[in-house]
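Hi,

Here is the structure I promised to pass on. Have a look at it first, then read my notes below.

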Amino acid sequence: MARYSAYESITVDVEDGVATLEFHRPEVYNALNDDVMHDVTRAFDEIQLDRSIDVVVLTGEGEKAFSAGADITEYAGTPEEHDPRQRDRQDLFYDMYRKTRECHAPVIAKINGYCVGGGLILAMYCDLRVAVEDAKFGVPTANIGQIPTGGSNRRAIELVGEAKAKELVYTAGFIDADEAERIGLVNHAVPREDLDATVQSIIDGIQDTGRLAVKNSKRALNQAAQAPDEATAREFEADLWWEQFATEERERLVDEFNEGDE
């Protein structure tokens with residue numbers, strides 16, 4: 001059984017099949033330093049072992065930020081001072097993002113403020129994103145003489161399209177939550193007082209369906225997005241469809257559906 005404890009910079013609370021992971025660095029807008037990334041990676045390793053979890057929610061402490069991204073104090077200095085440390089750090093970023101995407105349960109980014117740089121990339125790797133209306137989004141890597149990393153370029157294009165992704169990166173500017181919703185970067189932009197209820201309604205919707213079916217749907221959708229061609233995606237989908245068909249869950253829910261029609 002996973003412990004969900006002894007983290008330095010995050011907490012993980014599990015209740016009724018929902019794991020809530022919260023960053024705890026509000027004094028620096030929940031920036032992602034090495035300690036945070038190690039903690040998040042280990043937390044998802046533990047969540048992956050706990051199949052009783054139906055949904056994971058990521059959020060940041062306070063009302064100012066989900067996460068302001070990488071801790072820039074860790075990037076100062078000459079290349080010689082950092083090589084190979086910075087290469088390893090980029091691998092650490094990608095490993096954290098990848099575990100979020102590959103988690104067996106749907107992952108919701110509950111965005112309560114600034115969602116910037118690496119924080120935005122982490123949110124993009126989540127399955128769903130719900131943001132307060134006064135949240136701000138941006139990829140200001142060019143402002144520090146860098147480019148986005150961690151597989152984020154492809155992921156951004158998947159979500160918002162090539163032209164909008166390039167605009168966000170090239171200008172290093174910020175957009176508000178309404179614009180983020182319009183371009184498909186977030187699913188819902190809501191008043192701050194409605195954030196909890198909106199996220200809870202999504203959780204309720206997920207838990208009211210076939211929970212294993214949702215998890216297998218995530219596998220199918222991820223594969224469809226990443227497959228090199230339609231035939232490869234279709235083959236994986238067909239195998240997974242039959243795997244789900246063979247479950248007790250499918251038998252039970254079909255019987256309940258048919259009984260409801262009587």
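**What I found**

Leaving out residues up to four places away in sequence, Asp13 touches Val18, Ala19 and Thr20. Keep in mind that this is a predicted model. You'll find Asp13 in strand 1, which covers residues 10–15.

Next, helix 1. With 15 residues (34–48) at 1.5 Å a residue, helix 1 should span 21 Å, and its end C-alpha atoms are 21 Å apart, so the two agree. Buried residues in helix 1 include Val36, Met37, Phe44 and Ile47.

Then there's an open sheet of 4 strands, in the order 4-6-8-9, with mixed pairing. Strand 4 (65–67) and strand 9 (174–176) are at the edges with a single partner strand each, so one side of each has no neighbour in the sheet. On average, neighbouring strands here are turned by 20° against each other, ignoring direction. Strand 8 (residues 136–138) and strand 9 run antiparallel, joined by 3 bridges; Phe137 has Ile175 in strand 9 as its bridge partner. Helix 4 (residues 118–125) packs on this sheet and touches strands 4, 6 and 8. Its direction makes about 90° with that of strand 6 (114–116).

Cheers

Definitions and conventions: Residues are numbered from 1 along each chain as its sequence is written. This is a predicted model: local features need pLDDT of at least 70, side-chain atom pairs count only at pLDDT 80 or more; totals for chains, interfaces and linings use all residues. Side-chain values use heavy atoms; hydrogens and water are left out. Helices (H or I, at least four residues) and strands (E, at least two) are DSSP runs, numbered from the N terminus. The expected span of a helix is 1.5 Å times one less than its number of residues. Buried means under 20% relative accessible area, exposed over 50%, partly exposed in between (1.4 Å probe, protein chains only). Two strands pair if DSSP finds at least two bridges between them. Axes are lines fitted to C-alpha atoms, for helices over the stretch in contact, and angles run from 0 to 180 degrees between N-to-C directions. Contact means heavy atoms within 4.5 Å.
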